[in-house]
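Dear colleague,

Please find below the sequence and structure that I am handing over to you. My notes on it follow directly after.

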Amino acid sequence: MMAMFRSFVSASTQLRQQQQPNSGSGSLAAPAEGIESQFSCPICLEVYHKPVSIASCAHTFCGECLQPCLQVTSPLCPLCRVPFDPKKVERSSSVEKQLASYKAPCRGCSKKVALVKMRSHIASCSKVQEQIANCPKFVPVVPTSQPIPSNIPNRSTFVCPFCGARNLDQQELVKHCMDNHRNDPNKVVCPVCSAMPWGDPSYKSSNFLQHLLHRHKFSYDTFVDYSIDEEAALQAALALSLAEN
């Protein structure tokens, strides 16, 4: 048992020594395999540029890549879908230091470049540009003359049935209606239900706010398999409607 413990301590010490910066050089030659992917933004898939981190989940993104998520009322982390406070998104100085410290080989010329300079190097690397130019063009496996369907319903954003406010996701629709139409007595069609395969676009809910709060606490796109039998789905939806009434 004691020998196993000494072996574990020795291995841990060696690992820490490998991870510590080499004070004799300006940057670290980190293990080449996968180092660039470890410091790549999950959105653009390139090395971080001006990285920022979400405080609640600690996920890191390029500052510019995260900007669209900060424009909505109730932002969700693009990676784990956890709600976060846009005021608690901070510049990731620790990641910036690592980008300046670590080097990785260019995917084209194999020259070792500091990660912080990798984007600008790739943009000017003739080998990378040659690889991009030689990428095979997309060709369908089986040619088809069928047109791409254009009448697919939008199940990502919705229009408020009371005032016509547009581009509201499901959570924003609930918040918008609670803030602005809490006392509106009008019967309206639920835009979320009407967008579903089993939805009835003519059915008007007698209490739309209660319907929102009870029926749409989660996202259909996350939990519903659209490939299931539509008749079974319709029966389930009717059962929920009866339960509400």
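Lys175 is partly exposed, with a relative accessible area of 39%; here buried means under 20% relative accessible area, exposed over 50%, and partly exposed in between, with a 1.4 Å probe and protein chains only. Lys175 forms a salt bridge with Asp179, and the closest N and O atoms are 2.9 Å apart. By salt bridge I mean a side-chain nitrogen of Lys or Arg within 4 Å of a carboxyl oxygen of Asp or Glu. Because Lys175 and Asp179 are four residues apart in helix H7 (residues 170–180), about one helical turn separates them. Asp179 is exposed, at a relative accessible area of 52%.

Before the remaining findings, the conventions. The model is predicted, so local features need pLDDT of at least 70 and side-chain atom pairs count only at pLDDT 80 or more, while totals for chains, interfaces and linings use all residues. Residues are numbered from 1 along each chain as its sequence is written, and side-chain values use heavy atoms, with hydrogens and water left out.

Overall composition

The protein contains eleven helices and seven strands; these are DSSP runs numbered from the N terminus, helices being H or I with at least four residues and strands E with at least two. Of its 245 residues, 30% are buried. The protein exposes about 17,000 Å², of which carbon and sulfur atoms supply 55%; accessible areas come from the Shrake-Rupley method with a 1.4 Å probe, and for residues only the protein chains shown count as cover. Among contacts between residues at least 6 apart in sequence, 43% join residues at least 24 apart, a contact being heavy atoms within 4.5 Å.

The three-stranded sheet

Three strands form an open sheet in the order E2-E1-E3, with antiparallel pairing. Strand E2 (60–62) and strand E3 (89–91) are the edge strands, each pairing on one side only. From one strand to the next, the twist averages 35 degrees. Strand E1 (residues 51–54) pairs with E2 in the antiparallel sense over three bridges, where pairing requires that DSSP finds at least two bridges between two strands. Ser53 has Thr60 in E2 as its bridge partner. Helix H4 (residues 93–101) packs on the sheet and touches E1, E2 and E3, its direction making about 145 degrees with that of E1. Axes are lines fitted to C-alpha atoms, for helices over the stretch in contact, and angles run from 0 to 180 degrees between N-to-C directions.

The nonpolar cores

A nonpolar core is taken as a set of buried Ala, Val, Leu, Ile, Met, Phe, Trp, Tyr and Cys residues joined through side-chain atoms within 4.5 Å. The largest has 26 residues, and those touching the most other members are Phe39, Tyr48, Ile54, Leu66, Leu99, Leu115 and Met118. E1, E2, H4 and helix H5 (118–124) are the elements that give two or more residues to this core. Leaving aside residues up to four places away in sequence, Ile54 touches His59, Phe61, Leu66, Cys77, Pro78, Phe84, Lys88 and Val89.

The structure holds four salt bridges. One of them joins the side chains of Glu36 and Arg107, at 2.7 Å from N to O. This pair links distant parts of the chain: Glu36 belongs to helix H2 (residues 35–38), whereas Arg107 is in the loop between strand E4 (103–105) and strand E5 (112–114), 71 residues apart. Glu36 is buried, with a relative accessible area of 14%, and Arg107 is partly exposed at 39%. Glu36, Glu46 and Arg107 are linked in a network of salt bridges.

The side chains of Glu96 and Arg91 also meet in a salt bridge, at 2.9 Å from N to O. Glu96 is partly exposed at 22% relative accessibility, whereas Arg91 is exposed at 64%.

Positive phi angles

Two residues deserve mention under this heading. Lys50, a residue other than glycine, has a positive phi, near 50 degrees. Lys50 sits in the loop between H2 and E1 and is exposed, with a relative accessible area of 60%. Asn167, likewise not a glycine, has a positive phi near 60 degrees. Asn167 lies in the loop between helix H6 (126–133) and H7, and at 60% relative accessibility counts as exposed.

With kind regards
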